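Hi there,

Here is the structure I promised to pass on.

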Amino acid sequence: MIPSGQPQPQKATAKYRSQFRIYVDIMHVIQRENNEAKPTRILYGANLSHDRLIKYLDELKALGVIQETGTDDKVYSLTQKGIEFMNNFRKVESFASAFGFKI
Amino acid sequence: MEFIASVIAIAVAYQALRGYNLSKERTLLYLNLSFVLIGAGLLVDGLSDLIVLLARGERGFLFVFNLGYTINFLAQLLAYGLLVFAYLYQTRSPSSIALAALPVMFIQRNTLTELILIFLLVYVATQTAMNYSANKNVNALLVFGAFASLSIAHLFFLLYILIPTFFPLAHIAQLFGFLLLLAMLLRVNQPA
């Protein structure tokens with residue numbers, strides 16, 4: 001189970017992204033790149049700074065939803081747990097958006 | 001009809017709970033609580049109708065019918081109030097959030113509270129209509145159709161006091177609304 005986002009500020013702006021949303025964005029980029037994404041692609045795709053990207057990739061690896069492959073260049077892919085999470089997330093997102101709720 | 005609607009409401013509540021467990025998004029928790037209340041209310045109403053039916057409408061059992069209807073009504077009042085709260089919560093407007101607590105002040109069932117319930121439902125239907133106009137997707141259309149149908153059903157429940165013909169029509173509109181929610185659930189859960 002991926003932990004929830006950090007407590008949101010009282011007056012969050014529409015552009016504020018929770019930790020949970022950033023995790024999902026990273027995993028979405030990896031999935032979009034045929035489940036083999038280099039850090040640079042993830043960095044641009046998920047719109048993150050280098051430091052934050054490294055931090056989040058480490059956290060996702062510790063959660064067991066992504067894995068690091070490749071010998072010379074680092075390449076990230078989703079684990080089976082990560083693929084299942086994304087499938088569930090897609091259903092939940094579709095359900096919530098049917099009611100007009102953003103997650 | 002109430003039993004079918006109750007099962008569908010609980011299914012929607014379950015899906016919302018799954019979403020909340022995954023994302024910890026509070027609006028999904030409110031959606032879950034709202035549909036738990038709707039499902040429980042409809043179940044109590046259905047059971048009370050069944051008891052009266054089995055007692056072949058004996059006068060002594062009529063209070064059971066009224067009790068079931070009142071519990072269902074209050075559950076729906078709270079549930080739709082909670083849904084309005086969820087929509088207001090999303091906009092993070094503290095002053096308007098207080099408005100959603102209004103139904104709690106009217107816990108007695110009468111024409112005024114019936115009108116408040118219709119107002120809450122129309123508000124939710126409007127929000128879902130705006131969502132559909134922004135997204136233009138079938139699931140959003142089904143949810144809008146469901147709440148529009150439920151609004152009409154409650155209008156018919158109000159009118160049935162004057163014209164009894166509206167009673168079966170109200171039940172049909174209510175069931176149709178829940179069937180639209182079921183269609184949305186089935187679409188959301190179909191394999192990619």
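A:Q19 lies in helix α1 of chain A, residues 19-32 (helices, H or I, are DSSP runs of at least four residues and strands, E, of at least two, numbered from the N terminus). This is a predicted model, in which local features need pLDDT of at least 70 and side-chain atom pairs count only at pLDDT 80 or more, while totals for chains, interfaces and linings use all residues. Residues are numbered from 1 along each chain as its sequence is written, chains are lettered from A and ligands numbered from 1 in the order in which they are written, and side-chain values use heavy atoms, with hydrogens and water left out.

Back to A:Q19: with a relative accessible area of 12%, it is buried (buried means under 20%, exposed over 50%, and partly exposed in between, using a 1.4 Å probe and protein chains only). Its side chain makes a polar contact of 3.3 Å with that of A:E59 (a pair of N or O atoms within 3.5 Å; within protein, one must be able to donate a hydrogen and the other to accept it, and residues adjacent in sequence count only if both atoms are side-chain atoms).

A:K55 is partly exposed at 37% relative accessibility, and A:E59 is partly exposed at 22%.

Helix α3 of chain A also holds A:K61 and A:D58, three residues and about one helical turn apart. They form a salt bridge whose closest N and O atoms are 3.7 Å apart. Elsewhere, A:E33 pairs with A:R41 in a salt bridge at 3.3 Å. How many salt bridges does the whole structure have over all chains? The search finds six.

Now for chain B. It has seven helices and zero strands, and 47% of its 192 residues count as buried. B:T111 lies in helix α5 (residues 111-135) of chain B and is partly exposed, with a relative accessible area of 48%. B:T111 and B:L158 are 47 residues apart in sequence, yet 7.5 Å apart in space, C-alpha to C-alpha.

Finally, where the chains meet, 21 residues of chain A are in contact with 31 residues of chain B (heavy atoms within 4.5 Å). The two chains bury about 2,200 Å² between them, 66% of it on carbon and sulfur atoms (the accessible area, 1.4 Å probe, that two parts lose on being put together, summed over both). A:F95, A:F99 and A:F101 supply 35% of the area that chain A buries against chain B, more than any other three residues. Helix α4 (residues 80-99) of chain A gives the largest share of the side that touches chain B, 11 residues. By class, that side of chain A has 12 nonpolar, seven polar and two charged residues (Ala, Val, Leu, Ile, Met, Phe, Trp, Tyr, Cys and Pro count as nonpolar, Asp, Glu, Lys and Arg as charged, and the others, Gly among them, as polar). Between chain A and chain B there are zero salt bridges, but four residue pairs are in polar contact, both at pLDDT 80 or more.

Best wishes

Technical notes. Salt bridge = Lys/Arg side-chain N within 4 Å of Asp/Glu carboxyl O.
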